[in-house]
Amino acid sequence: MRILDTVCTYCGVGCDISAEIHNGKIVKMFAQKEGVVSRGKLCIKGKKGWDFVYSPERIKSPLIKKTFIEKNYEEFPAYIRKRLCQLDDFDEQWFESPFDLAYDITGWKLKQIIEKYGSYSFAGIGGARTSCESSYLFQKFTRKVVGSPHIDNCARVCHSPSLKGMRETIGEGAATNPFDDIYNSDFLIVIGSNTTEGHPIVANRIIEKVKNGTELAVFDVREIPLSKFAKYQCTIPYESNLLVLNMMARVIIEENLYNKEFIQNRTKGFEEFKEKILNDEYSNPDLFLKIKGYEDLAQKIREVARNYATKKSMILWGLGITEHLDGSYAVMAITHLALLTGNIGKKGAGLMPLRGQNNVQGTCDMGCLPYYDPDYRKPEVVGLMTPDIIEEAINGKIKAIWNIGEDIAHIHTNQNKVHKALKNLELLIVNELFPNEITKYADIIFGVKSAYEKTGVYVNAERRLHLSQPLVDCNLPDDWEVIKEVGIRLGADFRYETSKDVWDEVRNDAKERFFGATYEKLEKNMLRGLQWPVYLSKINEETTELGDTPVLHTEKFRTKDGYGYFKYKQYQLRGMVKKLLEEKELTGFYLTTGRTLVHYNNAAQTKQCESLISKHKEDILLASIDDKDLINSDTVKLKSKYGETAPIKIRYVNTIKKGTLYTTFHHAKTKINFVFGDEADEFVKTARFKSVKVEVIPC
């Protein structure tokens, strides 16, 4: 029996985990007490979500669609055509291919498309399910080898507004503090995060701290499991985050609770901000006295604002903030609260965006974004974001997409449109572990290693790097190895032999954050990890002896001049709030979505684990008990102007207000994302997943 340490790559908590290995197989996953992130505890996904590794449904070799071979047969060069006999029947749709042949066919077809339509006809869409090394090489392949600026990743679905909003105001789009600073805080606010199910090991810290006397405020459109621990449970209308956050800032200013010294020494734009907010009709909490069913918020917002301003406080948020029309502005409003009160740049006080997946932070750090190179440098050319890539695929300008670890045919909005775009491509390449919705549209599929089978760096929601190591042997390539081989066939001078070779290039290309984070240092700190920026040695007051940086912004912000900035945005009256203000009563229903504890996004891995899928085999719609007589059905379809769902079972509960609905989105067969449209954050086009008006149709 051997014990091997690695990292969990499910949610953005990114726990250190250890595996018991017997006869070359995983028999148990657990966390060691010395683990800095896990603190010796794992959620059910960490404990039980590993046996997908042995699933018979794993994609174990390249698959090439038979119709693709037929379409291209006459144009194949001789060196490919004479080797087509190496293809074996896999099923009615697919040939199984040797890797070398699949690399050659992929390289040839990409070269043909680039020569015919130009390099901008190609787009890369990456995902946070892979390592930093693979994300780095993917953006390099797209930009430097193909010559296309169109590179994006799954942060588009979740936390791009956190990156945008925080960079606009404090110069860095990442968590300011480690998770353990929850224990050093005197007041906690959780907004737009179902933390117990989305980030359970962080929720453990919150609950433990609250049980020891710290007060908690929860803002959400429904009561969540964390609500029972909150002194202030604030159920807010759909799409009202910015409204509520601006109200808190106004209370702090009106009651003279702001930190004048901090504002004077470390910020700019306060006076203009103050004037705008005090003259904004929508920033007064008393507005809620006019909104039926939400009158209690007028007083609760004031009390939460007072506590936040007068105590050492932290704010934690999730996709309930970012997946809105004003997601970036709402994140700016969160940073405004920290700037107003000085609750930033010190232990126990800061800002914590709870990333959806473990390497969302790392994939963005690697430059897998159309508007950032590695280390958040400005690229030579800004490319298209994923929604625009989809649009241009429909228009015929994007001809080829390489999709790595992001099931855009399931998890993106407006799925009728996405599917239309995918059908219009000349080439869709997919790297995946299992067949899923995106593989149905692929021309070439590369089966690749999972995180438990490879070496690589992952960066969690607190900027902490962990090095994964293979727990079991696997003869499949890593994502970066597939990229390397296809790149060589397009003329790239890719001489990487190991993931360490790629990482050493990352350390030099993204020096500001990663230069000191050597594999050797990460290997010696498997249960601790390192928080970027990581230097070779201690260089300032922020860093530790290991050269990493637990708390950001202690002396200055990471803006060009070192100051934090106030940039006020008035709430735009719309949706549910507008309806309630003008008509007093709701007609129709508003839907939001979220995770359940046992599953992870599109459930590609978790549904392959019997102990997990057995607990949640289908999505369930939650509705208010007050709407039971109105709906009068146990199964319904939801319909919007964009599409409709499949029939979905309904459960009536008392944790949701009248006129509102909630469901998970893990199972593609439910077709939840068919009812969400193109409405998105105006800066970074993160879709409005958290609110859509729907018609409920009894089945």
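Which residues is K579 in contact with, leaving aside its neighbours within four places in sequence? The list runs K584, E585, L586, T587, Y590 and K693, where contact means heavy atoms within 4.5 Å. K579 sits in helix 23, residues 575–583. Helices here are DSSP runs of H or I with at least four residues, strands are E runs of at least two, and both are numbered from the N terminus. K579 counts as buried because its relative accessibility is 18%, and buried means under 20% relative accessible area, with exposed over 50% and partly exposed in between (1.4 Å probe, protein chains only).

A word on the model itself. This is a predicted model, in which local features need pLDDT of at least 70 and side-chain atom pairs count only at pLDDT 80 or more, while totals for chains, interfaces and linings use all residues. Residues are numbered from 1 along each chain as its sequence is written, and side-chain values use heavy atoms, with hydrogens and water left out.

Now the overall picture. The chain holds 25 helices and 27 strands, and its C-alpha trace spans about 80 × 65 × 50 Å along the principal axes. Of the 699 residues, 66% count as buried. Looking at contacts between residues at least 6 apart in sequence, 73% join residues at least 24 apart.

Just after helix 6, G171 takes a positive phi of about 85°.

The packing of helix 6 (residues 160–170) on helix 14 (residues 327–341) has an angle of about 45°, with the axes 8 Å apart. Axes are lines fitted to C-alpha atoms, for helices over the stretch in contact, and angles run from 0 to 180 degrees between N-to-C directions. That makes helix 6 oblique to helix 14; angles under 35 degrees count as roughly parallel, over 145 as roughly antiparallel, 65 to 115 as roughly perpendicular and the rest as oblique. On the helix 6 side, the residues involved include P161, M166 and I170, and on the helix 14 side they include V331, M332 and L339. By class, this contact has six nonpolar, seven polar and two charged residues (Ala, Val, Leu, Ile, Met, Phe, Trp, Tyr, Cys and Pro count as nonpolar, Asp, Glu, Lys and Arg as charged, and the others, Gly among them, as polar).

Helix 9 (residues 241–254) meets helix 11 (residues 270–278) at an angle of about 110°, with their axes 10 Å apart, which makes helix 9 roughly perpendicular to helix 11. N246, A249, R250, I253 and E254 of helix 9 make the contact with F270, F273, K274, I277 and L278 of helix 11. Six of these residues are nonpolar, one is polar and three are charged.

Finally, G529 lies in the loop between helix 22 (519–524) and strand 20 (530–531). G529 is buried, with a relative accessible area of 0%, and it touches R464, L465, H466 and D548, not counting residues up to four places away in sequence.
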